Amino acid sequence: MQHIGIFGGTFDPIHWGHLLVAQTALSQVPLEKVIWVPSFNPPHKKVVLFKHRWEMLQLATKQNPEFTVSQIETKRSGTSYAINTLMDLSSGYANTHWYWIIGLDTFKTIPRWYRGNELAQMCDWLIAPRLLGGETIAESEVICKQVEQQFKEQSVAIDWQFLDLPLVAISSSLIRQLCHKGQSIRYLVPESVRSYITAHGLYSSKSE
Ligand code: ATP
């Protein structure tokens with residue numbers, strides 16, 4: 001049986017926080033690889049073109065042979081839902097145990113996801129700490145247990161584990177805001193991503 005991690009997100013753009021989370025998952029769970037899955041048409045989010053987000057993911061991950069970037073979400077029309085992504089990916093990999101890598105902020109929302117009850121049980125969840133409102137790591141684990149309890153009340157069992165990594169307060173929104181204000185994003189994203197953003201004028205006030 002092989003073990004594969006999926007890291008889904010809008011990655012608008014990818015930043016060092018994402019990369020550290022994925023690498024930590026590889027180191028702390030016996031995963032053969034991490035498949036990055038940029039959302040093609042995410043629910044509730046307006047994003048830059050898929051082509052740009054995909055290119056930036058490629059640039060940021062190409063040095064790591066245990067990372068691959070998937071275009072699987074481009075193969076479906078309509079809104080990109082995580083359960084469809086997992087089912088589509090599963091059909092291409094026999095005998096695989098799946099892990100979904102996710103930040104705490106996003107994990108909290110799974111009970112509201114499309115077919116969340118089914119998805120919750122289809123893979124293990126690897127949760128990265130993320131500051132929501134100044135809570136400690138111990139309080140973050142309590143939040144995960146609350147989510148587990150919410151599912152349990154509906155007879156759904158969810159397997160999760162907390163990844164051990166330092167909190168990284170970088171977000172794609174922060175990068176977009178800095179670009180918009182014309183401020184530097186150096187050291188918040190890989191240099192190749194920073195160059196791509198500059199070359200294509202992404203997120204600047206002029207590109208709107
Ligand atoms: P935005 O600011 O636009 O909401 P984001 O930085 O949260 O974007 P996404 O692409 O939406 O980035 O996130 C993909 C996944 O990575 C989500 O599960 C999110 O919780 C997680 N994630 C993103 N940044 C971090 C971080 N700094 N630490 C831990 N998890 C993170």
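Trainee: How many of the eight residues of strand S4 (96-103) are buried?
Mentor: Seven are buried, so S4 is largely enclosed by the rest of the structure. Buried is under 20% relative accessible area, exposed over 50%, partly exposed in between (1.4 Å probe, protein chains only). Strands (E, at least two residues) and helices (H or I, at least four) are DSSP runs, numbered from the N terminus. This is a predicted model: local features need pLDDT of at least 70, side-chain atom pairs count only at pLDDT 80 or more, and totals for chains, interfaces and linings use all residues. Residues are numbered from 1 along each chain as its sequence is written, and side-chain values use heavy atoms, with hydrogens and water left out.
Trainee: In which sense do S1 and S4 pair?
Mentor: Parallel, with six bridges between S4 and S1 (residues 2-9); pairing takes at least two DSSP bridges. His-97 in S4 has His-3 opposite.
Trainee: And which residue in S5 is the bridge partner of Ile-101?
Mentor: Leu-126. S4 and S5 (residues 124-128) run parallel and share five bridges.
Trainee: Changing topic, how many residues has the largest nonpolar core?
Mentor: There are 38, and Ile-14, Val-34 and Trp-36 have the most contacts inside this core. A core is a set of buried Ala, Val, Leu, Ile, Met, Phe, Trp, Tyr and Cys joined through side-chain atoms within 4.5 Å. Elements giving two or more residues include S4, S5, helix H1 (16-28) and strand S2 (33-38).
Trainee: Which residues lie in the other core?
Mentor: That separate core has 28 residues, among them Ile-4, Ile-6, Trp-100 and Trp-125.
Trainee: Back to Trp-36: what does Trp-36 touch?
Mentor: Leaving out residues up to four places away in sequence, its contacts include Phe-7, Phe-11, Ile-14, Leu-57 and Phe-67. Contact means heavy atoms within 4.5 Å.
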